[in-house]
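Try each task on your own before you read its solution.

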Amino acid sequence: MPQGTVEDNIERLQNAHLWDLVAANKIHQVKQSDVDELFSILDAGNKGYITASELMTLQYVENLKLTEKDLAEILADADRDGSGNVEPEEFFDAVTSGTLAFNMVKDAFGKREKPVPKTQVERAQLLEWMKQEHEASTALASLPVTVFILLCFVFFISMHTWIYGSYSIHQSFKKSNPSLQTDWVHKIVDISTLNEWTTNTWIPTYFRQDAVYDRTPGRLMNHNQMIAGSRLMKQYRESGPCTLSEQLTYLFDPLAGECYSQGAEQKRETVTLPYQFQQSVIQEVFYNMTLIPWVDANVEIIEYQTLFLNANMNLMTFEILRFTHGADGTIGVSTHYETWMADAYPNPVYLVPDILLLLTFLRLTYANLKEISTAAAAGFDGIADYVDGRVIVEWMTILYGLFVLLFWTYVYNQIQFVLPASVDAFPKPELDQEVVANSGYLTLQQVQAFIGLGELREKTDACFDVAIDICYAHSNFRLVLLINCMVLVLKFFQSFKANPRLDIIVQTMQNCFVDVVHFFIVFGAIFACYGFSGHFMYGATGKNWSTTAGALWERWTSSVGMGTHDALPGAVQVLSYGWSLSYDFIVSSLVLQMLVGLVFAAYYKVKGKAGDAVTIVQQVRKALATARLTRSFVSLQTIIVAMEDDDYPAHPGQIVTSTSLMRAFEVENMTWQNASYLIGRTAAWVEHNMENPSLDLDDSIRMLGQAKNTALQCLDAVETTQKGALELSGSSAGAAALGQNMAGAAVNHDDEEETKPTAELVLASLDNLIIIMEASRKEQKDSAEYLKNTVRRERTTAESRDKALKQELEEFKTRLNRANRCIDGLGQIFQDMQFGSLAGIPERMEQQIMLSFGSRLTLASSNAKPGDLLRLEQRVCDTLRKIHEISSEGESVADARQMLWNIQFSLNRLHKRLNN
């Protein structure tokens, strides 16, 4: 429809009956004729339909209760086929049963969403959006940084620990060394079997000294070179009084009444066995040790230590064969290997991950220190507002990453400098050359020709002490790397909050955390009962069930085998089978499935709330576009800290507009585009997060109740009318005659139809007549009552108004007299004063105050307390107000007398009219 035609028919559009029904929320009373009336105005070409643009011209109609959004919803409901044309029937259905009708119902229940202003927001809303935006942008920026740190750490670990190389060399020791085969563990059960195994197996293996196969002194398994031989170390405690009663003590030891290993201090003793010694000399040394005996019942731990170098793999391996002497007299056997790179930086490429990690952590430290300095500018409150979960995780990542690098520096120093220095102090080259020159290994006398046995022992011990320090430090370094990976997991979770799709997993874990904790309380109680009962049932026959911790672990990791059941007595076997089956049903099949159900319930809840969230690719593109747009804007962190300053907030007003925000941050050079961007984004965020009220079950019940009440009232009215009509028809002959005439006029002209009974026609006519008469009588009665009440109310109002006016006139006369006397006094007081000199004082004072106290930096540098400044500001405001009052009164004193005479004259005239 042409724009000119619409403007000519604006008045007709405003007076359309349809809008009256819409404004009164009476959509259910809209008829097809109302729609046709509207179409007759809009459809100037009599096309039979209106276009979308013609329908949207209704937004120009004044006092229309429909918004642009309502018109868009009507168009969407009417134009289902997307043709862009709306027919009268489609428009009728859209208005009476579409979104508009539903919104009217929501209006009736007070659940219609409120429009959000686009040009202003609340201060709390702006702060909340800026915090979320800052957190999301920071998390999104930290996600690639976190991935980069993880890759660098993987590169770092593979370069400096070489886990696969360590595994390979450990397996070669176990497979190639006959003394470390599986059966050797079962041969050592006590001290005598340990001495026998050492003499017959360990010494011949490690000190084989075969001239054909071992041409290099100290070479083991072709590729592994001993550094200084082997060292035997024991840890023991002295015998002491038993903790038992005296009677039991002397039953155990009738001679001294003591028990083994009761001393408070654990002592250490070592014996070094250089590989340059002849095997016979080593056998003799060990034989003399067994005669002492060097290993007795007081010894708790014995270790056979050997340090190897594999130059082909650039690896050094420290081997420990540990024998633990238990309180039951048996010896437990275990092996431990720790392998590290002999040269940590064989080429410059190995420095790359170290440099990348160091630069990354320094860059993160600089960025976070800038944020801390910005927050510290607002004092303690700023720092308190700055510290949150994100900041804690960020600093954990930085500090622990730097700690990893420092720890590696210590390990590297031990490997690269301390250990080589201790090895160089040991006369290894001289002794090896002597072995080669003599074509045989050395005796004690030959070794003493180069170095004293005491000095040799000291230097060998020093070398092994450094090696064992490196062994434990390198082992702890791998644990440090493991913890660092867990810290990176926290940082990943923090970074995942940047994207709604990634945040679904994090939110799922947070939402189900409380339920999972309560679940594990129940599960832990049930599982502990089953684990302890298994310990009591199988502990006497099974090693893994013999301790409480072992029983819990065995119950969790495996099921009970048939052999374990068969080892029990017959009656106990039935209980054992029932115990095992009930655990599989209650714990494995029932309780653990509940845990899965809890997690999935939380997941579907979070997933449904997230809806169709943006992907990480879409968010990255949007973030890059936002970064280009806001490149010159004031940072969100600066604005947040300044607005949250409790002492001097940058924008204390609760309503924020683009103008007020720009003025609040003039010092930071905020532009109009910056302020408008913040207000617009906040308004869009508020509108997006606004809960869309929906009708619930209670509202549905209320609607049904109202409909039922209305229907019952209609039925009561019909029954009452019918009863009155029957009474009237039975007592009035004139009404019967009128019914006969009306019945005769209503005879159907079709000869094939049967005529209706006269009684029914009479009753129908009487019903219509009674309804018309009752409606007229009720309308007249209501009109008369309304007029009577209106006249009575107007009379009362006029009397009260006349009385109040007279009282106000009397009071006004009194006040005028007082004002006249005051003005006379003021005229004498201000007769000699120059009011022109006071005109510029308020502006100059205000300018000086703003120059002195207009910035937060000036306030901070003045060392003034907030309370002193507030009191000073109040006194200045009072002074300014008084000056304004004096100036205004002085300027108007010349005209005050004339004005009062005019007022007095007017009041006299008004009083005369009222009296007349």
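Two residues are in contact when they have heavy atoms within 4.5 Å of each other. Keep in mind that this is a predicted model.

**Exercise 1. Get an overview of the protein chain: how many helices and strands are there, and what percentage of the residues is buried?**

Start with the elements: you'll find 35 helices and 12 strands. Next, look at burial: of the 916 residues, 34% are buried. Last, check the contacts with a separation of 6 or more: 73% of them join residues 24 or more positions apart.

**Exercise 2. Work out which residues Tyr345 touches, and whether Tyr345 is buried or exposed.**

First, locate Tyr345: this tyrosine sits in the loop that runs between strand S11 (331-341) and helix H15. Now list its partners, skipping residues up to four places away in sequence: His160, Tyr350, Leu351, Asp354, Trp408 and Tyr412. Take His160 from that list: 185 residues separate Tyr345 and His160 in sequence, yet their C-alpha atoms are 8.2 Å apart. For the last step, the cut-off for buried is under 20% relative accessible area. Tyr345 has 19%, so Tyr345 counts as buried.

**Exercise 3. Find the residues that have the most contacts inside the largest nonpolar core.**

The core has 87 residues, and the two with the most contacts inside it are Trp202 and Tyr304. Helix H20 (residues 453-496) gives this core its largest share, 13 residues. Now zoom in on Tyr304: its contacts beyond four places in sequence include Trp202, Leu194, Trp197 and Phe286. Follow Phe286 to the next exercise.

**Exercise 4. Describe helix H14: how far does H14 reach, and which of its residues are buried?**

Begin with length: H14 covers residues 279-291, 13 residues in total, and spans 19 Å from first to last C-alpha, close to the expected 18 Å. Then pick out the buried residues: Val281, Ile282, Gln283, Phe286 and Met289. In an α-helix there are 3.6 residues a turn, so residues three or four places apart point the same way. Finally, ask what covers the buried residues of H14: helix H12 (191-206), strand S5 (224-236) and strand S9 (299-310) are among the elements that do.

**Exercise 5. Find out which residues make the nonpolar surface patch of about 350 Å².**

The members are Phe148, Phe155, Val349, Val352 and Leu356. Sort them by element: helix H9 (123-160) and helix H15 (352-376) supply at least two residues each. Then check one of them, Phe148, which is found in H9. Its relative accessibility is 34%, so Phe148 counts as partly exposed.

Definitions and conventions: Residues are numbered from 1 along each chain as its sequence is written. This is a predicted model: local features need pLDDT of at least 70, side-chain atom pairs count only at pLDDT 80 or more; totals for chains, interfaces and linings use all residues. Side-chain values use heavy atoms; hydrogens and water are left out. Helices (H or I, at least four residues) and strands (E, at least two) are DSSP runs, numbered from the N terminus. The expected span of a helix is 1.5 Å times one less than its number of residues. Buried means under 20% relative accessible area, exposed over 50%, partly exposed in between (1.4 Å probe, protein chains only). A nonpolar core is a set of buried Ala, Val, Leu, Ile, Met, Phe, Trp, Tyr and Cys residues joined through side-chain atoms within 4.5 Å. Patches are made of residues with over 30% relative accessible area and no salt bridge: like charges are joined within 9 Å, nonpolar side chains (Val, Leu, Ile, Met, Phe, Trp, Tyr) within 5 Å. Accessible areas come from the Shrake-Rupley method with a 1.4 Å probe; for residues, only the protein chains shown count as cover. A salt bridge is a side-chain nitrogen of Lys or Arg within 4 Å of a carboxyl oxygen of Asp or Glu.
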